[in-house]
Amino acid sequence: MRTALIVLAALAAAVVVDLVSGVLARRVARGRYSWLLEPLRHACRRPAGAVLLVAALFYALPPGPGAWQRSLRHAILLVLIAVCAWLVIKALHVAEAVAFSRLPSDPVTSRRVRRARTQIRPVRRLTVAVVTVVAVGLILITFRPVRLFGVSILTSAGVVGALIGLSARTALGNAFAGIQVAFADGMHVGDVLVVDGEWGRVEEVKLTNVVIRLWDERVLILPTTYFTERPFQNWTRNEFRVVGKIQLHVDHTADLDDLRREARRLVESSPLWDRDQWVLQMVDATPQTVVIQVQASAADGASAWDLRCDLREGLVRYLRDQHPQWLPRTRSQYQP
């Protein structure tokens with residue numbers, strides 16, 4: 001009876017503390033730190049209440065000589081470790097969301113925003129993984145037969161050894177590569193990349209892989225080690241503006257000034273051109289044809305792709321309809 005009364009009193013005290021802390025948090029949140037305390041209170045109310053209740057129950061239940069009392073206290077301890085990890089993980093999610101909400105949204109600082117977004121999310125995921133590993137290690141420590149294994153998990157060497165022993169060396173390498181990619185400043189969320197001839201926009205940078213949305217709405221998922229071991233093109237590392245280029249093969253008799261006038265008309269009439277730069281040049285010559293290249297700038301990668309397609313289509317149509325003799329052709333000479 002005495003133990004039951006102590007447990008009920010502890011539970012009541014925990015409920016009161018939860019209610020009082022909620023009231024205090026709401027009052028303080030109305031002031032200067034509402035941007036932090038309001039989301040923290042909404043997200044962490046349940047795990048915080050669970051921590052208070054389970055902790056009160058654990059400390060109110062005295063260790064007794066009976067086996068059932070020891071087993072019950074041990075089970076409550078396991079639940080306490082789990083709810084504490086739940087609380088910390090919830091707080092980390094709130095910290096990530098608050099950090100994103102405090103970032104500026106004006107276009108001048110868009111690169112800083114993309115850089116911060118790329119770095120914050122992998123750090124939060126790595127921290128959640130560390131908290132989970134620590135919680136598992138603490139739970140294992142409470143069991144006498146596997147106590148040494150639990151202690152080894154809590155050490156860095158033990159973590160590496162356990163992961164390697166579980167054939168997770170590739171995943172561990174990808175996780176470290178994810179941190180390296182996030183802080184190496186080589187790419188950010190929202191950048192336009194060209195990888196193995198495919199171009200797309202970085203949609204998400206995770207610890208173990210990078211998600212790229214390709215131009216045709218396909219999703220390319222690559223391990224993070226790819227970006228630490230192989231070269232790739234980043235069209236928007238310093239700015240969003242992208243210079244697109246097309247190449248056409250025409251006959252040696254083609255008048256480049258005429259083609260330049262038509263290319264200028266196509267570029268200036270396109271709403272995709274950002275009115276910054278364009279040029280038509282002869283970049284190569286072969287025994288059968290000459291290679292002309294048209295470069296034009298656009299506001300972003302998607303606009304540059306559409307502008308390239310429009311220019312290519314317009315120039316090919318112009319050659320076909322107005323000057324078919326300038327199209328590539330093979331000459332032969334008959335000798336009797």
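**View 1. W305 is partly exposed in this predicted model.** Its relative accessibility is 22%. Buried means under 20% relative accessible area, exposed over 50%, and partly exposed in between (1.4 Å probe, protein chains only). W199 is buried, at 8%.

**View 2. The rings of W199 and W305 form a tilted pair.** Rings of Phe, Tyr and Trp (its six-membered ring) pair if their centres lie within 6.5 Å; planes under 30 degrees apart are stacked, over 60 edge-to-face, the rest tilted. By this rule there are three aromatic pairs. The centres of W199 and W305 are 5.8 Å apart and the planes stand at 40 degrees, so this pair is tilted. W199 sits in strand β2 and W305 in helix α10, so the pair ties together parts 106 residues apart in sequence. Helices (H or I, at least four residues) and strands (E, at least two) are DSSP runs, numbered from the N terminus.

**View 3. Y226 and F227 form an edge-to-face pair.** Their centres are 5.4 Å apart, with 70 degrees between the planes. Y226 is buried, at 8% relative accessible area. F227 is also buried, at 8%. Y226, F227 and F232 form one aromatic cluster.

**View 4. Five strands form an open sheet.** The order is β4-β3-β2-β1-β5, with antiparallel pairing. Two strands pair if DSSP finds at least two bridges between them. β4 (219-223) and β5 (233-234) are at the edges with a single partner strand each, so one side of each lacks a neighbour in the sheet.

Residues are numbered from 1 along each chain as its sequence is written. Local features need pLDDT of at least 70, side-chain atom pairs count only at pLDDT 80 or more, totals for chains, interfaces and linings use all residues, and side-chain values use heavy atoms, without hydrogens and water.
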